[in-house]
Amino acid sequence: MQELLLILRRLRAPDGCPWDREQTHESLRPYLLEEAAEAVDAVPEGGEALAGELGDVLLQVAFHSVIAEEAGSFTPADVERLIVEKLVRRHPHVFGTVEVSGADEVVTNWQAIKAAERGGRPRSAAERVPAALGALARETRAQKLAGRAKGGPGGVREALDAAPDTAEGVSDVLAAVVAWARGLGVDAEVALRERTHAALTSLPDPETAQQAPQAGA
């Protein structure tokens, strides 16, 4: 990690890389999302593929940390310290004297500790569901927060029959599909991502397609 930070400081130096020097927290936002998504895609493959993608995610964390260090807002050491303190604080059953009966109680305690960190102020639903999540993932979280029942294929058919041919109708059907996925224990966001990835990898290479002989030639 220290070597990575040194490299980024060198890239950001006056005689470093012009592109790296121009970057800001705002300009890097899409890259952080993209690298996190690519790491998720690499999970099934594992091995060096996953290690490489996690390295790209780590690069984004280090990049933001160095930019903040230059501005005097926080340092890479602060990033490391804060996550270490949070993990210790939220695992009193490991680092303290609290006893738990299982994973469910761990989650309950975790939420109580998070609320205490905010002075007892509960987070709003919007605060609990990041806007940058994929649409299907956000809908899944929203349904759980709202206590919406899990669905089935019948609910999807009903939504299709009732949906107008509008954007609202499409969103109603997609919400029903998410409820169906929850009923199956399927992560709708991951399922669609994997399908899309498989479809994209099956497409012909653009250069190969251009070189292929035309039908009837």
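1. Is Arg10 buried, partly exposed or exposed? Arg10 counts as partly exposed because its relative accessibility is 46%. For these words, buried means under 20% relative accessible area, exposed means over 50%, and partly exposed lies in between (1.4 Å probe, protein chains only).

2. A word on the model before we go on. The model is predicted, so local features need pLDDT of at least 70 and side-chain atom pairs count only at pLDDT 80 or more, while totals for chains, interfaces and linings use all residues. Residues are numbered from 1 along each chain as its sequence is written, and side-chain values use heavy atoms, with hydrogens and water left out.

3. Back to Arg10: its side chain meets that of Asp15 in a salt bridge, at 3.2 Å from N to O. A salt bridge here is a side-chain nitrogen of Lys or Arg within 4 Å of a carboxyl oxygen of Asp or Glu. Asp15 counts as exposed, at 57% relative accessibility. Side chains of opposite charge can pair when their charged atoms come close.

4. How many salt bridges does a search of the whole structure find? The search finds nine. One of the pairs is Arg193 with Asp41, whose closest N and O atoms are 2.7 Å apart. Arg193 sits in helix 12 (residues 188-201) and Asp41 in helix 3 (residues 25-42), so this pair ties together parts 152 residues apart in sequence. Helices are DSSP runs (H or I, at least four residues), numbered from the N terminus. Arg193 is partly exposed at 26% relative accessibility, and Asp41 is partly exposed at 34%.

5. Now look at Arg89 and Glu117, a salt bridge with its closest N and O atoms 2.5 Å apart. Arg89 belongs to helix 5 (residues 76-89) and Glu117 to helix 7 (residues 103-117), so that distant parts of the chain, 28 residues apart, are linked. Arg89 counts as partly exposed at 39% relative accessibility, and Glu117 is partly exposed at 33%.

Notes: Helices (H or I, at least four residues) and strands (E, at least two) are DSSP runs, numbered from the N terminus.
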